[in-house]
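Subject: Structure for you to look at

Hello,

Here is the structure I said I would pass on. Please open it and keep it in view while you read the notes below.

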Number of protein chains: 2
Amino acid sequence: MADSLALPIRIEGAQAGNGQVADLVRRVRAGEIRALSRAISTVEDHTGESRELLKALFPYSGNAMLLGLTGSPGAGKSTLVDQLAHHYRRQGKTIGVVAVDPTSPFSGGAILGDRIRMQSHHADPGIFIRSMATRGSLGGLASTTADVATVLDASGRDIVIIETVGVGQDEVDIVRLADVTIVVLVPGMGDDVQTIKAGIMEIADIFVINKADREGAERVEREIRAMQSLAGRKDDWTPPIIKTVASDGTGIPELVAAIEKYQQHLQQNARAQIRRIENWRGRITEMLRDALFQRVLQYYLSEGEAARYAAEVAEHKRDPYSLVEKIVDGLGKPE
Amino acid sequence: MADSLALPIRIEGAQAGNGQVADLVRRVRAGEIRALSRAISTVEDHTGESRELLKALFPYSGNAMLLGLTGSPGAGKSTLVDQLAHHYRRQGKTIGVVAVDPTSPFSGGAILGDRIRMQSHHADPGIFIRSMATRGSLGGLASTTADVATVLDASGRDIVIIETVGVGQDEVDIVRLADVTIVVLVPGMGDDVQTIKAGIMEIADIFVINKADREGAERVEREIRAMQSLAGRKDDWTPPIIKTVASDGTGIPELVAAIEKYQQHLQQNARAQIRRIENWRGRITEMLRDALFQRVLQYYLSEGEAARYAAEVAEHKRDPYSLVEKIVDGLGKPE
């Protein structure tokens, strides 16, 4: 297993379910931008077609480098992604970006501004950017983001960047699926790292202190070092701390070098494959949870029953613990 | 259904599963603090015993007012909870507090400080405080918090306060189970409400601007008003905005009055029961998801198989979408 590093293999059952899906797959693989957009929309919609499409595209995925980038709101993540994308483009690489925006009624404007700025790439088909809202996502945001990354990967993009705000468990789950995870901090945000969800700091392969020309950059660096001295990693990798000023490109070559160095580290330690296996284990678990639940809704618990049970429990005529036991027992055991 | 507002009814199947559980239930009901602590620990452990305990305690729950309190880190939530608890104690009411702390390596100190301060209540058995960590929680944090609230409710506490940082979906789910939800904001936090998870603002029944003696309180108020003018509520309730300085008790009587007013609104509009039914529907769904997944792990997917599948998918020898379909199909349909 260790050395069979994932070339795309056409596997049984992965053939397109019907002509329409097969045609879309062909066009996505040919690099058609509109087909890519449509494929992603299909995946986001979580229809039966989306599953067929993913089955058909999956064998072509596994070649892109998945780069996860997260950090507090206002850390300049999208500018950083912008600069990284430009840098990789100059090396002749193609880029896909999934930007997960937890838009609040208040921050909506600013984020929209960023995205509009990034549209400047749109003249270059080598950079494809897709924004996803965190709300109203069916079937789990992390899962949908992973599916969208799979589509971009299968379309032949060399690098897929997943950008998200690091404030919730969803976001931790999202960046965890990346090969390389970058956590972006910024000086002078009050309590600094306080607004970062616990768990985000631990998943960083590389730290970036962006807006490093501001006062307080050294303090943030000291805090990261202090944390690193407390909790070492299992794999002999001490996440480097790169200082950037994304708005003028300062530090971007150093960041790209750090990413390369970590990739080399991964390859030398067979960690890349171990990590992908761990990630997939988590994803399969999550997919299974969702699929099971859909199954139960389909066969075992109608909308009407669910409403009636909820009313009975709310009136304390029924206890929910026994109820759940009863429904699950109704599934029976395998023969 | 509408007028049968939940007195505790002893219902079939809710009898304690065994002598030990029955004894614990008796002592919890008698108000023994140590028994309450043990019952909560049992519930947090998610053992078979925890389910039996919850079945036995559930019929006694449903009488407490569930107060949810959430807001950005550093908003002074625990000081506010402290003051509310003192206020209600002076009215002769008993209080239970579940404080959900998403401790990060950096903020741990500050939160611990708050909690130590609150221990001053511990001389008064009328105030019971339980801190829960957000990490390492089995079976879903929101679900466990709800179970702990049920235990406190069943123990006869008049008011159960659930306090959490409003940064992630978990936290939205947690406060959603409350009868009355308070969102705490604070002036001068940079982009103000940016660090609050989208969705938190919408669930507020009451807004509190804490540390209202600081500059910027009016700006926060204007932002809330602007948001309210955009998105009205369905139930003819405009969440009031209460200004407090929790550290010296300013505004606490006004906050208590606002809570009472909202409770009256709920009763007049039969909204309380409708909301409890909606909350229970969500909770039952979540419990069912977890239970189903446990079932599948037990009978359909061994640890070894899960590891092997993950490896095959990571090597792209198997597509995960077909795999999940196969496992779920293996469950069969009901006869």
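What percentage of the 335 residues in chain A is buried? Buried residues make up 49% of them. A residue is called buried if 20 or more other C-beta atoms lie within 10 Å of its own, exposed if 12 or fewer, and partly exposed in between, with C-beta atoms placed from the backbone.

This is a predicted model, in which local features need pLDDT of at least 70 and side-chain atom pairs count only at pLDDT 80 or more, while totals for chains, interfaces and linings use all residues. Residues are numbered from 1 along each chain as its sequence is written, and chains are lettered from A and ligands numbered from 1 in the order in which they are written.

Chain A

Chain A has 12 helices and seven strands. These are DSSP runs numbered from the N terminus: helices are H or I with at least four residues, and strands are E with at least two. Among contacts in chain A between residues at least 6 apart in sequence, 77% join residues at least 24 apart. A contact means that the C-beta atoms of two residues, placed from the backbone, lie within 7 Å.

In chain A, helix α1 (residues 19-29) packs on helix α2 (residues 33-45) at an angle of about 125 degrees, and their axes are 8 Å apart. Axes here are lines fitted to C-alpha atoms, for helices over the stretch in contact, and angles run from 0 to 180 degrees between N-to-C directions. The two helices α1(A) and α2(A) are therefore oblique to each other. Angles under 35 degrees count as roughly parallel, over 145 as roughly antiparallel, 65 to 115 as roughly perpendicular and the rest as oblique. On the α1(A) side the contact is made by A:Leu24, A:Arg27 and A:Val28, and on the α2(A) side by A:Ala35, A:Leu36, A:Arg38 and A:Ala39. By class, this contact of α1(A) with α2(A) has five nonpolar, no polar and two charged residues. Ala, Val, Leu, Ile, Met, Phe, Trp, Tyr, Cys and Pro count as nonpolar, Asp, Glu, Lys and Arg as charged, and the others, Gly among them, as polar.

Between the chains

Helix α10 (residues 271-299) of chain A and helix α10 (residues 271-299) of chain B cross at roughly 110 degrees, and their axes come within 9 Å. α10(A) and α10(B) are therefore roughly perpendicular to each other. Chain A brings A:Leu288, A:Arg289, A:Leu292, A:Phe293 and A:Val296 to the contact, and chain B brings B:Leu288, B:Arg289, B:Leu292, B:Phe293 and B:Val296. The contact of α10(A) with α10(B) has eight nonpolar, no polar and two charged residues.

Helix α3 (residues 48-57) of chain B has eight of its 10 residues buried, so it is largely enclosed by the rest of the structure. The buried residues of α3(B) pack against α12 (320-329) of chain A, and also against α1 (19-29), α2 (33-45) and α6 (141-154) of chain B.

Strands of chain B

In a regular strand the side chains alternate between the two faces of the sheet. In β4(B), B:Ile159, B:Ile161, B:Glu163 and B:Val165 point one way and B:Val160, B:Ile162 and B:Thr164 the other way. Seven of the seven residues of β4(B) are buried, so it is largely enclosed by the rest of the structure. Seven bridges join β1(B) to β4(B), and the two run parallel; strands pair if DSSP finds at least two bridges between them. B:Leu69 has B:Glu163 in β4(B) as its bridge partner.

Strand β6 (residues 206-209) of chain B has B:Ile206 and B:Val208 on one side and B:Phe207 and B:Ile209 on the other, and all are buried. It pairs in the parallel sense with strand β5 (residues 180-185) of chain B over four bridges, and B:Ile182 stands opposite B:Ile206. Three bridges join β6(B) to strand β7 (residues 241-243) of chain B, also in parallel, with B:Val208 opposite B:Ile242.

Two loop residues

Most residues other than glycine have a negative phi. B:Lys211 has a positive phi, near 55 degrees, and lies in the loop between β6 and α8 (217-230) of chain B. For B:His316, phi is near 65 degrees, also positive, and the residue lies in the loop between α11 (303-314) and α12 (320-329) of chain B. B:His316 is buried, with 23 other C-beta atoms within 10 Å.

Regards
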